Every structure is written in structure tokens, then in C-alpha cells.
Amino acid sequence: MSTTLEFPFKTAHPNYLNAEYGWKSWLFTTDHKRIALLYLFSITAFFFVGGAFAVAMRIHLMSPDGIFSHDTYNKLFTMHGIIMVFFFLVPSIPATLGNFLIPPMIGARDLAFPRINLLSWYIYMAGGIFTMFAVVEGGVDTGWTFYAPFSTTYSNTHVILAAAGVFVSGFSSILTGLNFIITIHKMRAPGMTWLRLPLFVWSHYATALIQVLGTPVIAITLVLLGLERVFHAGIFDPNQGGDPVLFQHLFWFYSHPAVYIMILPGMAVISEIVPCFSRKGIFGYSFIAYSSIAIAVLGFLVWGHHLFVAGQSIYASMAFSLLSFMVAVPSAIKVFNWTATMYKGSVSYETPMLYAFGFIGLFTIGGLTGLFLATMAVDIHVTDTYFVIAHFHYIMVGGMVMAYLGGIHFWFPKISGRLYPENWARFAALIVFVGFNLTFFPQFILGYLGMPRRYATYDQEFQMLHVMSTAGASILGVGYILPMIYLAWAWRHGPISPQNPWNAKGLEWEQSPTPPPTFNFERPPIVTEPPYNYSGEEMEVEYRNEH
Amino acid sequence: MSISRTELLHEVAPDELKHHFDTPEQQFESSTLGMWVFLITEVMFFGGMFAGYTVYRNLYPKAFAAASESMNLVIGTANTAILIGSSFTMVLAVRSAQLGRKKALIGFLIFTLLLGCVFLSLKYVEYHEKWVDHHVPGPAFHFDQPQYARQAQILFFLYFAMTGMHALHMIVGAGLLLTLIFMAAKNRFSEHWFTPVEIVGLYWHFVDIVWIFLFPLLYLIGRT
């Protein structure tokens, strides 16, 4: 490992991609940018595995009879959920874009603990192998929620293997979050005060708090689940004096905040894209920054809204309902501020901005339908129906995956050093938007009409809507495969990108070469202006010259 | 700031200051803050079991009291004293590291390790006792007061889960101590660089504190 501390690094155009070659230089790297790419390729693989299960489900649901046995269908939705939640959504933006961008954004040469960063990827892969092994061995049929006592007593599938996979991968999430917290606290460049941090970093800080505080709880919950499955001591079994609702409490104590692990990084990306393509400073910077923290804190107090019909006390339900409404406030603050940022800005329609538009619209629908579900009386009608499925897919797919794709496009020049074909990308963004809505909007209606989730069959009257959903899913699939193709092409053959192709603000664009060298900067960065200074407030140029 | 780092460098062996840090202070603070954050995750990890304990003790106070009475109070008390003692020797080890006293450092680390091993051995004796008494949850579980048997089984389940997780942390801690002893023997530490001793110290104290909560909650609730 090089330990030179001399600045500037006197080299021609070396960057993190051409610094070293060979598989060892990737598998044993401690460079946060290379680790981000390791994550990028592995989560993309898991995304397509999880997507394959979704495709199988949608094909099955084209007719009430389906093509798979009901047992197989149970396994399909379980594996789809486990893989998408724990192996795609949770690590998606933090482990790839967050890993790549947080150090350059705050002016650091790497994350605080580079070796732990690499370790987190290996742990993630180990967890993934456990889970894929469970798939190969025949799958799991408990749903991604592993509810007891079905998972502890009655299921004959590989619950322990899959739970072990989730348990192990949780540590990778913890280590990533820990690394981010320390990095943001201790590694900021001179002049990078807390209120000059890009909102991307603020959101990731909030995400990291949840990862660090929430993930250990799911870990111990899965340990208890595994022990109970082996010893049958009855801790979650009502026949033996245990309480299955305790499992649900412990599970959702993590898994509801985990929803914010899955959406806050999406908000992080949107907060960067919107001001750049509006050519305008972000509206209400500190409100957006603090709303991320508010979401992280309030997010820990709302888990009981998953238990409205589980026999929870009605007074607890009322408190959880109220708190769930409150968590909508900081989310809405963000949406209003992004919109206000665009107001009177010079909005242009490059691909990242198209995804940002998609995010804002779909996240709003997903968020508002979340309020329906937080309302106790309405929730009783739609609990465990397709309404819930549609709601969280609007957040997770319409929100997070849109933001992820937007972010990948926005920072693709930074990561690869090349430009992607803009028109193809715009076309793909449109396809994703249309396909997504056609897939999931009918599911709102299905759920409202009473179609329960996780059923392998349904009433004839629902077929029309199911066919629409399946048709949408096939369009959505095309929308996901297209970027794979043209981005892979652009990685080798795209035009060479200038350092700052979007004319964006931020250390990673303005002071770090494209693609960045191993230590991100050619000379130590100094921050002399407020964040998102698109209107060009006076810069303290003298300060820069003095140092 | 970028200039002052060169001045500070001479205080530290160059290979101990990693390339991405500016100053030894920054590196030291990052490592200790990292350990504190990790300990917070540990609090949440054990917290899940403490939450389960709270729920079931509220539901079944009498069964829990009855089951708690069958715990081996002598070994539990001895282990509490041993762990507090090991925390004391660990503090002395950290202090010796800060002062750069190599021999004292190695001595106190070995002492701490030995106390940890005594704790684990006594734990083994206790687990074996439970096995003989059929107090291990599962098909062979048996409890003398049949009206409490099922509920007592939950306490024993929690007992094994909680003390088992604690023992696992002790084993990891013993491994860390062993590593420190080797590092100290190879003269890796000095009064300018002793970060690993410091953060393993934090970890060791945390594991002790967990036991301080486990002991009364598992051993003492039946004895008023």
C-alpha cells in the first residue's frame, strides 16, 4: 500500500481504474471506489435474480390457474422479497454511489476504515451465497417477513439457511453505516462544515444511523428465530406460552426503519440532481438536511403500524398511527423543497432529471397511499392486500430504483470517465416510467377490490387487472435491460467525459478529476463556498490563493 | 492543516499513519469513535433479547422467579467478581500502554486473558450442570414445578441465548487479547501509538457491563 503523503501527486492521468490491473487488484483493493464497483456488479446480479422471480410470479398470475404449483408460488414471492430487500435495496445506493461519492464529496482520500469497507463486501457476498444456496436447495416459503410460528414450527423449507444469509449480510450493512458515520464526522476537508455538506451526505448520514441502530435488532431476532426452530423452546409459540407478536415487534423494529434505509439514499440522489438540472441553489437546504435526520428518528417509532390487525392494543395502534402521520411531514418537506428548487429555475431534461421527475411523482403517490395504510380504519380493509404491495413498490421501485438509475446516470461520467448515449437513456427512462405505472397502478385497484397478497390464485374478475400488471412488468423489464446494454457499451466506447460534464457543483465534480485518482484529489481540497452555489455567490478566491 | 501533518508525522511510526488520514490524532479519534459506534450496535443487539426478557418476565413473574432460583448463585457471583477484576486489569493494561511500559502491558493483558478464561471455564461448568438437570430447552426439558414448566423453559431459553451470546463475545475478546499480547511482544506499541489496546479495552469493558445486567436479571430475581 502506498503511503505517500506528498501533494500534489505528480502523475499524468492516472486514475483509480488504471492504477492497477488484474483480479487481485480488485478483490484485495481497499479503494472505496473499486469496492463501490464490486458492490455495483454484485447488487446488479442480485437485482436480476430477484427480478427473475418477479417475472415468474407475473407470468404465473396471468391466469387464475397459473403455471406453477401453489407451493412453488410461495417460494417465488419469498425469494423475490428476500433478495430484493436485503441484497438489492438495502445496499443499493449506499454501498455503490454512497461508497464511491462520500469521500470525494467531503474532500477525503478514502473512507475512515478502508479494510472494513472491503470486509463489508465479502460479508455481503457470504450472506448472498447462503441465500442463493437456500434457493438452490429448494427455496423458502415464509415470505420475506419470516413470521413465527410458521417459520419456526410449520415450514418445511430452508428457513435457517435463508435467515443465516440475511443475518450475515446485515453485518455488511452495519459496517457500511459505521464507516460512513465516522468518515462524515472525522474526515471532512478544511471548510467543509456540517451545513456545507452536500445533502447526499446528510441523507447517507441519516441512513447510516438507521443501519447502525436497527440492523443489530434484526440480527438478534433471526438468531432467536433460528434457536427456536432448532430447540422449540416456545419463545414465539403460543402453544408453549410464547408470543408470536413479539417476533413481529422485533422484526418490524428493524424492518420499518429499514424502509427508510431503502428510501433516504434515493432522496440523497434526488437532492443532488434537482439543483444541478434546475441551475439553481437548493431551496431550504437546512430543512432538507434536518428532515433526513427527522425521518431517521421518527422512523424508529412507527413500526407498530404493521401490527394493526395482529392483536396489538388499540391504544398502541393509535399512537403508532399518529407517529406514522408525523413521519410524513419531513418526507413532504423534501418533496416541496425539490419542487420549489425547480420553480423559476432553468430546468433541462437530461436523463437524471427525468428519473428525478419520476421519483418525485411516484414517491408522492407511494407516500400518500402510505397515509391510507397508517389510518387504522382504512388499514383494516386493505391489510395484506395488493394495495399494500402497490404502496411499497411505489416507494421502493418507483422511488428507490428510479433514484438509483438516476444516480447511476448522473455519476456515470464520474465513475467511468465516459459519457453515455443521452437519447437512448431518455428513452429507457420513459420506458421504465410507463412500465412501472402499468405494473403497479392496477395493483392499487386490485387491492382495494380485495385481492389478497401472496395468493397463488384469484377470482376471475381480477384477471384483467392482473394481465395489465404483467404486461407492464414486461415493459419494465425492457426498461431495466436497456441501461445495462448502453451503459456497458458506453463504458468502453462512449466519448471521453470532461471533468464536469453537467457543470455541477460539489467537490467531487469541481475539484476531483474524472475519473478520480486513487486518492480522489490532486491537491488537498478546500471548501470556500456554500453548497449548491449555482447562482454563483461570491467565492472566497483569495482564501484559495493564500493556501 | 495539510502542512502541519508533516510536523506531526515524526511522532508516529510512518506505517501506523494510514494514507487517508491527515494527523495521528484524527486517526486515533476515528478508531475510538468507530469502536463506540460499534458498541452502540452491540447495545441494540443485546437489547433485542432484553426486550424479550422484559416481555416474558412481565407475563410470567412467578415462573421466572422459580426458574431463577435454580441458577447456580455461587458460580454466578464468582464470575461477576472475576469479570469486574478483569476490567480492572484491562484498565491497567491500557494505562501501561499509554505510558509505553511494555512489560507491564503484557503482564496485565495476560492477567486479563486468564481471568476471561476462568470465567469461561466456570460458565462451562454451569452449562454442564444445566444439561445434567435437564434445564436445557428442548424435548428433554424438565422442571420440578410442573405448573411453571413451560414458562420456565422460556427463561432458560433466554438464559442460554443471552449468556451464550455473552460467552461468544468473551471468546472473541480473548482472541483479541491474544492478538494484543503478540503485538506487544513484537514491540508494535509505544506511547505514541496504542490504538488497538485502547479499543479492545473499550470492547472488554462493554462485555463486562453486559454481564452486570445479566447477573441480577437471571440469577437474583427469585431471591428476595
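Reader: Why are H3(A) and H7(A) called roughly parallel?
Author: Glad you asked! In this predicted model, helix H3 (residues 70-89) and helix H7 (residues 159-186) of chain A pack at an angle of about 15 degrees, their axes being 10 Å apart. Angles under 35 degrees count as roughly parallel, so H3(A) is roughly parallel to H7(A). The crossing of H3(A) past H7(A) is left-handed.

Reader: Which residues make that contact?
Author: H3(A) brings Ile82(A), Phe86(A) and Phe87(A), while H7(A) brings Ala162(A), Val166(A) and Ser169(A). Sorted by class, five residues of this contact are nonpolar, one is polar and none is charged.

Reader: How do you know whether Ser96(B) is buried or exposed?
Author: Count the atoms around it! Ser96(B) has 23 other C-beta atoms within 10 Å. The cut-off for buried is 20 or more, so Ser96(B) is buried.

Reader: Where does Ser96(B) sit, and what is it in contact with?
Author: Ser96(B) belongs to helix H4 (residues 73-99) of chain B. Setting aside neighbours within four places in sequence, Ser96(B) is in contact with Arg101(B), Ala104(B), Leu105(B) and Phe108(B). The C-alpha atoms of Ser96(B) and Phe194(B) are separated by 9.9 Å, although these residues are 98 residues apart along the chain.

Reader: How many residues does each chain give to the contact of chain A with chain B?
Author: Chain A gives 39 residues and chain B gives 34 residues. On the side of chain A, the largest share, 10 residues, comes from H8(A). By class, that side of chain A has 26 nonpolar, nine polar and four charged residues.

Notes
Residues are numbered from 1 along each chain as its sequence is written. Chains are lettered from A and ligands numbered from 1 in the order in which they are written. This is a predicted model: local features need pLDDT of at least 70, side-chain atom pairs count only at pLDDT 80 or more; totals for chains, interfaces and linings use all residues. Axes are lines fitted to C-alpha atoms, for helices over the stretch in contact, and angles run from 0 to 180 degrees between N-to-C directions. Helices (H or I, at least four residues) and strands (E, at least two) are DSSP runs, numbered from the N terminus. Angles under 35 degrees count as roughly parallel, over 145 as roughly antiparallel, 65 to 115 as roughly perpendicular and the rest as oblique. A crossing is left-handed if the near helix is turned anticlockwise from the far one by less than a right angle, and right-handed if clockwise. Two residues are in contact if their C-beta atoms, placed from the backbone, lie within 7 Å. Ala, Val, Leu, Ile, Met, Phe, Trp, Tyr, Cys and Pro count as nonpolar, Asp, Glu, Lys and Arg as charged, and the others, Gly among them, as polar. A residue is buried if 20 or more other C-beta atoms lie within 10 Å of its own, exposed if 12 or fewer, and partly exposed in between; C-beta atoms are placed from the backbone.
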